[in-house]
Amino acid sequence: MLTTDYLPGAPCWIEVITPDAEAANAFYTGLFGWESVTLGPEYMQYRFCQVDGKAVAGISEVTKDGWTPAWLTYFQAPDVDVIAKTIEQAGGTVLFPPSDVEGQGRMAVFADPTGAAFAVWQPGRTKGLGMVTAPGSLGWIELYTPDPAAIRAFYQSVFGWRVEDLPMGDLSYPVISPADGGEESAMAGIVQLQPGDSPHWLPYFEVADCDATAAMAQQLGGTMRGPATDVAGIGRMAFLADPYGARFAVITSSA
């Protein structure tokens with residue numbers, strides 16, 4: 001499961017890239033009950049979203065061409081510049097080169113060989129999310145990719161991830177753990193991309209009531225991308241998009 005003991009290669013931050021930070025803030029605070037703190041003009045009005053004073057996500061306004069509204073997952077890296085070279089050598093693409101974030105840390109954004117965007121974070125003052133797996137916070141992530149078997153080699157060469165195929169009905173579900181994590185360190189899964197869709201990483205937010213949250217998302221201007229679904233032994237989940245099209249899921253995990 002996800003924890004805030006951030007090992008190299010573990011997801012440590014998430015943010016929504018949006019053309020209107022104020023409107024996105026209204027949507028997500030209304031949906032999850034988050035409180036938000038604006039960091040000010042020196043940080044391009046970036047917003048820290050919090051539950052009980054603990055950071056659970058960020059909101060970043062990006063209006064330039066070439067950026068599609070989306071949730072972006074950051075993975076912890078001890079040295080962003082070193083891992084950037086590894087990513088390029090493995091066939092990835094630099095979307096935003098390594099840069100410092102005003103003493104908070106160092107970051108860069110990439111696309112894997114299929115085009116799924118992700119970021120890496122070298123901690124400074126900001127270590128990462130302050131809360132995970134609790135209601136209103138990140139509970140899981142999934143990579144939607146056209147070739148789940150082939151993409152493993154890329155991420156394993158970059159982060160050293162362990163990937164284990166677990167049975168799920170008639171299929172197997174590849175589950176990712178950080179290289180240095182123990183048996184309970186699973187953090188993500190890999191899913192076959194549907195025809196016509198674009199490769200992407202999808203965050204799941206833990207919520208107390210999946211159906212109520214999905215209904216609220218629609219009242220706030222979001223969209224439902226499919227009916228809520230029960231998965232035995234996992235929980236009840238719904239797939240949503242915010243008013244600008246950024247996709248995410250919510251889950252009420254089984255006890």
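Tutor: Here is a walk from the whole chain to the salt bridges, then to the strands and one loop.

A few ground rules come first. This is a predicted model, in which local features need pLDDT of at least 70 and side-chain atom pairs count only at pLDDT 80 or more, while totals for chains, interfaces and linings use all residues. Residues are numbered from 1 along each chain as its sequence is written, and side-chain values use heavy atoms, with hydrogens and water left out.

Along the principal axes, the C-alpha atoms of the protein chain fill a box of roughly 50 × 45 × 35 Å. Of the 255 residues, 49% are buried, where buried means under 20% relative accessible area, exposed means over 50%, and partly exposed lies in between (1.4 Å probe, protein chains only). The protein chain exposes about 11600 Å², and carbon and sulfur atoms supply 53% of that area; accessible areas come from the Shrake-Rupley method with a 1.4 Å probe, and for residues only the protein chains shown count as cover.

The UniProt record, an unreviewed entry, places the feature "domain: VOC" at residues 10-123 and 137-253. UniProt positions are given in the numbering used here, feature names are shortened, and annotations may be inferred rather than shown by experiment. Residues 137-253 are 19% helix and 45% strand, and the end C-alpha atoms of this span lie 13 Å apart.

On to the salt bridges. A search of the whole structure finds six, each being a side-chain nitrogen of Lys or Arg within 4 Å of a carboxyl oxygen of Asp or Glu. In one of them, D81 meets R106 at 2.8 Å, N to O. This pair links distant parts of the chain, 25 residues apart: D81 sits in helix α2 (residues 80-89) and R106 in strand β7 (residues 105-111). D81 is partly exposed at 32% relative accessibility, whereas R106 is buried at 18%. D100 belongs to a network of salt bridges with D81 and R106.

R236 also takes part in salt bridges. With D211, the closest N and O atoms are 2.6 Å apart. Here too the pair links distant parts of the chain, 25 residues apart, with R236 in strand β16 (residues 235-241) and D211 in helix α4 (residues 210-219). R236 forms a salt bridge with D230 as well, at 2.9 Å between the closest N and O atoms. R236 is partly exposed at 25%, D211 is partly exposed at 37%, and D230 is exposed at 55%.

Strand β16 leads us to its neighbour. Seven bridges join β16 to β17, and the two strands run antiparallel; two strands pair if DSSP finds at least two bridges between them. β16 and β17 form a hairpin with five residues between them, and G245 in the turn has a positive phi of about 100°. Strand β17 (residues 247-253) is also joined by three bridges to strand β13 (residues 200-206), and those two run parallel. A249 in β17 is the bridge partner of F239 and also of Y204.

Finally, a loop. T114 is found in the loop between β7 and β8 (117-123), and T114 is partly exposed at 29%. Leaving aside neighbours within four places in sequence, T114 is in contact with T145, P146, I151 and P199, contact meaning heavy atoms within 4.5 Å. T145 lies in strand β9 (residues 138-145) and is buried at 0% relative accessibility. Across the protein chain, among contacts between residues at least 6 apart in sequence, 60% join residues at least 24 apart.

Key:
Helices (H or I, at least four residues) and strands (E, at least two) are DSSP runs, numbered from the N terminus.
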